[in-house]
Structure formats: structure tokens, C-alpha cells
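Some terms used for protein structures rest on a stated rule. The turns below take a few of them and check each against its rule.

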Amino acid sequence: MKYTSRPAVTALAIAVAGIFTSGASIAQSKDPIKVGFMLPATGTFASLGNMIENGFKLYINEQGGKLAGRDIQYFKVDDESDPAKATDNVNKLVKRDQVDVLVGTVHSGVATTMAKVARETNTLLIVPNAGADLITGAMCAKNIFRTSFTNWQPAFAMGKVAAERGHKKAITITWNYAAGLESAKGFVEGFEKGGGTVAQNLTLPFPNVEYQALLTEIASKKPDAVYAFFAGGGAVKFVKDYVAAGLHKTIPLYGPGFLTDGTLEAQGESAQGLFTTLHYADNLNTPRDNTFRLNFAKAYKTNADVYAVQGYDAAQLLATGVKAVGGDIGKRDQMLLAMRSASIDSPRGKFTLSPAHNPVQDIYIRQVKGNLNEVKGVAIKGLADPARGCKLF
Amino acid sequence: MDLSTFLVQCLNAVQYGLLLFLVASGLTLIFGIMGVINLAHGSFYMIGAYMAFSLAPIFGDYFIAQLLAGIALAAILGYVLEWAFFSYLYQRDHLQQVLMTYSLILVFEELRSILIGNDVHGVKVPEWLTGGMALGEVMTYPVYNLFASAACIVVAIALYCVVNRTRLGMMIRAGASNRDMVRGLGINIRLLYRIVFAAGVALAALAGMIASPMTSVYPGMGGHILIVCFVVVVIGGIGSISGALIASLLVGFVDTFGKVFFAQLSGIGIYVLMALILIWRPEGLKSKGY
């Protein structure tokens, strides 16, 4: 300031203000919509993050790369699935890049932090995977949406299915962390509603994979069924250890789809015949799903999975909102209302959103055959998460 | 819980305890004899596990040969590390040792990330150790776990014999009690330290190699076992090998049975055990007095 003359500053200020006021309405329609991806690009969940991003971009590209005439500009941050870095990472997108919408993430702990920041800064957030019940439960907000599932949903459905299959006594086993405990709780609720009882909830610290002692305990308790929530490398090892311990011959193993999704090749023989529940399956064979899978395979030279679907639907949900306001995303309330009442034509089947902004969707029962999670039927039609603690409605 | 299940759980507990002992004995040797707090000891365990992951495809079913090769590589690594870094740490205070060895953890983790990546990997059990033996009507116990226990017992006995029955062991024990006196007797204490350090690294790496098929290999596995091993060393008494053995088995039992009977509290069982023992014997079960 010291070296600039006052008139020059004033002139500059007037010029800037002029651009701002005169250009505001034009800028509104010509500037690109800024989409901030906060997804894992390294570590155990890297491939999941990649699938979500590809799914999202596939839908945008199908729309000619624009939504309601507005270009899309992408910003990316690798969240490393590290809750400790979550606040910094999300602030990079919100404060530095000033994105219009946040899309993320896989890890429930990181997503919870994103939801917290979204609430504080009123940034639009679409969660394309993390199932933490909290996000569309106690933390629910007008500007927070999810296109995936809650941990409760597939678990509750599996509980119902296990009871229907005639099992009376079950044991649950999982890691002692939010997603695992929520999943086990959901199973207990569904199983007990169907008349069964859960004898024991076994846990071990995340991400330990020393299952031997717990498998011994399962063998001694002789339950009619076991419900397990594990994912990634932990899921591979659990399914293999379960078979190695000989338990599969007498005690059927059940789980949410994460037990076998994306890990079938590594599990090989051990996983054959396993029943799981999820909001997607490998051979739905509907026209919508077939088109999607074909386009995805053409674009990325790989088969779509549940994560790709969730990313694709995140883009669909955003598109619904943007189109409803003709691209003028400044009309915030109107846009959020349109998203809230959207009916998404998803590859998984049509779904709407619950008042807490979580999909109300069919949960499929699937069985492992070869390298596929084949659909065997619908466990529960149009299942909505109870959204306990949400004050939106 | 019937008797046979109880016995199988005891097998599990012993197996975990013996594995801990392999890591903790090296930790307590290095601390007890050289006075170095080695936070990087867990990294040696991790290096062993990743070594098993990289060596397994080369050695195939020659599992014993693979273990021996791994031990040799780890011992060389230990020898070099002692020469390059740790030999400068003996006269420093504990804060500097902690800073130095902690930075080594970061270096090893970063190297692991660059060389092998951040994924979780499984390690195959060699063909001749697969399968299980039937225990009761539903359960089979993996042959590999029995092998792991047996291997740990062999190493523990060998370690006991070396420390208590050989000239080298005598010097080690003497060095632990009074290093100036040992130097005064004309023993090459530098070389002695270097050998002990290399042995400690080899023990941790061996534990990692044996554990890898049972636990998978994953980023951060070193940090997890290090904390448990410090609990073992503190309970057993710093510098005491037999104390470490008793403490390892205690921790193995508390952890295994805690997981089963107090699932929600399974993370804190061993720390409660440590607190109780420290109230009873503040210097550990078999303290050597420093």
C-alpha cells in the first residue's frame, strides 16, 4: 500500500467492483460448477476411490460434460483414509478451492469429519460410500446427502434373511470400530425381530486379523449361523481362516456384501456359496444396469462394481439439483429441495431419498458363484434407514 | 466352555505368547545390555514380515531355508545399523535415543511404502504345513500354528542356552551388569554390542516371518506389536530374558481369553494386567535393578 498512490488504488477498487456487479449474473451461468473429490488415492481403499471417481465422471460425460449448460471443473484431494488429516484435507477443497459441492469418501471416520465441516460451512456434500449411520442420523443436515447405504441397511436385511432361513442362535464377529459395531447391531436387530437370538458379539481391534482365538470360541458355542463384517484384506483372511478351521461345514457364514465384494479373486475356493446382502449385485440383468456396465467397461476397460454405481449416482443426484434450477446453483434452497425429492434411476434399481437424505432402496440377497456375487432375490424391498437422532423431520 | 475348547484356547494363547517373546527378547536384550530404548524394534518385525512376503515366491516350499535366509539378511541389517546409527546412541540420554529411533520408524515406513506399497498382503502357508488336525467335532486346528509354536520354542531354548551356558552368554550377562568392568577385563565390548544388536534384529525379523502367514502383512504392523512388546518388557523386568518369557505368556493368555470373554474390553486387558503387576512389583517380575 505504501508504494501505491491513492487514486490508483481507488481506480482499481472501482474497476474490480464494476466487474463484480456487472458480471455477476453472467458469471453465474458461464463459470464452471466446481466439484471437489475427496477420495482415497493411496492405501487399501485406493481402488475404491478410483471406481467412485470413474463412475461420477461417466455420468457427467454421458451428459456431454455439462449440467444444465454449465461446465464441470474437478478438484482432487487424496484423503489417505486418514481421519487425522481429514479436517485439513476437506478445508483445502472448501476454503482454498471454494468448491460448490464436495464428493467423498470411503472411510467412515473421514466422512464424518467431512460432514462436520459441511455442516459448519454449509457446503453441499454428497457421500458416495461411507456407511456411518451418524452421517444421515444425528449429523443429518439439509446440505448432506448420501448415495450409498448406511451400515445398518444390509446388516438388518441379513438378520431378517438369516432368521427366515430357520437359524435360531447366531454369533456376530467384527472389528471393534464404528462401521463394524454398527453393522453387527443392525444384524442383531433384524435377526431378533425374526425370532432369533444372538448369543455373543465377538470383536477384535481394527485392523487385527488374528482370528484363531475367536474361531475357537465360535466352534465351542456351536451357533446356527455366524454374521461377519470385515472388508478388504481382513475379509479375505477371515473367509479363508473360517474354512481352514472347518467351521463352514456345520455353521453357515453370512455377512454384508463387503465380505465378498472386490475380494472374490483373492478368496478363491473358500468363498464359494457364501450368502451376503447388499444394495447391488453382479448380474441384475436389467436394461438400465446392462447399459451402465457396458458404458463403464467401454470407458475404463474394467468391470463396474458397487463403488462405481455409488459414484455414478452421486453425479445423478447432483444433476437433478442443478437441472432443477436451470444451472443457477445460487438458488440453493430450490436446488436442495429438488435433490431431496429426487427419484434416481440407478443401475441398482430406482431409489428415492429418505427425509434424512439416505437411499430408500432394495437390498438384494446374493450368493457367490465363481467370481460373481449372483443375485438370488430381494431381501427387503425399499428399505429405509431409521435415521435415529436425525432432527430434519 | 468345555475342557477341549479351553485347551485349544490355551494353545492359541501359548502360540501368541511365544511369538511376542521372540520380539520382546530382542527388545529387552538391546535395552538391558546397551541401555538403548529402541522404538524401531517393531519396524524390524515389520521388515521380517515383508521379507517373508517377498521371499516366499522365491523359496516356495523350502520354508526353513527361507527362514534361515531371512535371519541372515536381518542380522546383516542389524550389524550395519548398529555400526551406522546405534553405536552413537549409547552415551546419549533417553530422549535423544527416542527421537533417533522414532525417526528410524518413519524412514522404514516410508521405504516400505515406496518399495512395496500400502496394501494389505496375505502370505501363503507352505504346502507341507497346510491343513489342520481335528479337534473336537467342529473345529480343526491349523498345522501351521503348531509349527509356529514349535519354532518359537526351539529359538527360546537356543537363546536360553546361549545366554546361560556359553562364554558369549557370560560376557553378555556381565556386560548387562557392569559394562566398565567387562571392558576393563579386555573384552571387545564394541563387537559384543554389535553381535547382540544383530541378534536382536534377527529375532524380531524371524518373529515377523513366522507371523506373516497368520496375520497378513500390512502397513503399521510394527507399531502395533511394539506397544505390546513394551508391555511385555515392562512386566517382565527390563533386561531379563526369563522375565520376558513369563510376561509374554501372561500377555498371550490375557489377550486371548480377554478377546473371547470380554470382547468389548479386549483392547485394554493387557494394560490392566500391566498396571496390576506394576502396583505389586514396580520394577517388573524379574527386575535386574535398573
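Q: What makes residues of domain 1 and domain 2 of chain A count as being in contact?
A: In this predicted model, ten residues of domain 1 of chain A are in contact with seven residues of domain 2 of chain A. The word applies because contact means heavy atoms within 4.5 Å.

Q: How much area do domain 1 and domain 2 of chain A bury between them?
A: They bury about 790 Å², with 55% of it on carbon and sulfur atoms. On the side of domain 1 of chain A that touches domain 2 of chain A, the residues divide into six nonpolar, three polar and one charged.

Q: How many salt bridges does the rule find across the interface of domain 1 and domain 2 of chain A?
A: The rule finds zero salt bridges there. For polar contact, the rule finds four residue pairs across this interface, both residues at pLDDT 80 or more.

Q: Why are strands E14 and E15 of chain A called paired?
A: Eight bridges join E14 (residues 359-369) of chain A to E15 (residues 372-383) of chain A. Pairing needs at least two bridges, so these strands pair. They run antiparallel, and A:Ile365 stands opposite A:Gly377 in E15(A).

Q: Which residue in the hairpin of E14(A) and E15(A) takes a positive phi?
A: A:Gly370 does, with phi near 65 degrees; the hairpin has two residues between the strands.

Note on methods:
Residues are numbered from 1 along each chain as its sequence is written. Chains are lettered from A and ligands numbered from 1 in the order in which they are written. This is a predicted model: local features need pLDDT of at least 70, side-chain atom pairs count only at pLDDT 80 or more; totals for chains, interfaces and linings use all residues. Side-chain values use heavy atoms; hydrogens and water are left out. Buried area is the accessible area (1.4 Å probe) that two parts lose on being put together, summed over both. A salt bridge is a side-chain nitrogen of Lys or Arg within 4 Å of a carboxyl oxygen of Asp or Glu. A polar contact is a pair of N or O atoms within 3.5 Å; within protein, one must be able to donate a hydrogen and the other to accept it, and residues adjacent in sequence count only if both atoms are side-chain atoms. Ala, Val, Leu, Ile, Met, Phe, Trp, Tyr, Cys and Pro count as nonpolar, Asp, Glu, Lys and Arg as charged, and the others, Gly among them, as polar. Helices (H or I, at least four residues) and strands (E, at least two) are DSSP runs, numbered from the N terminus.
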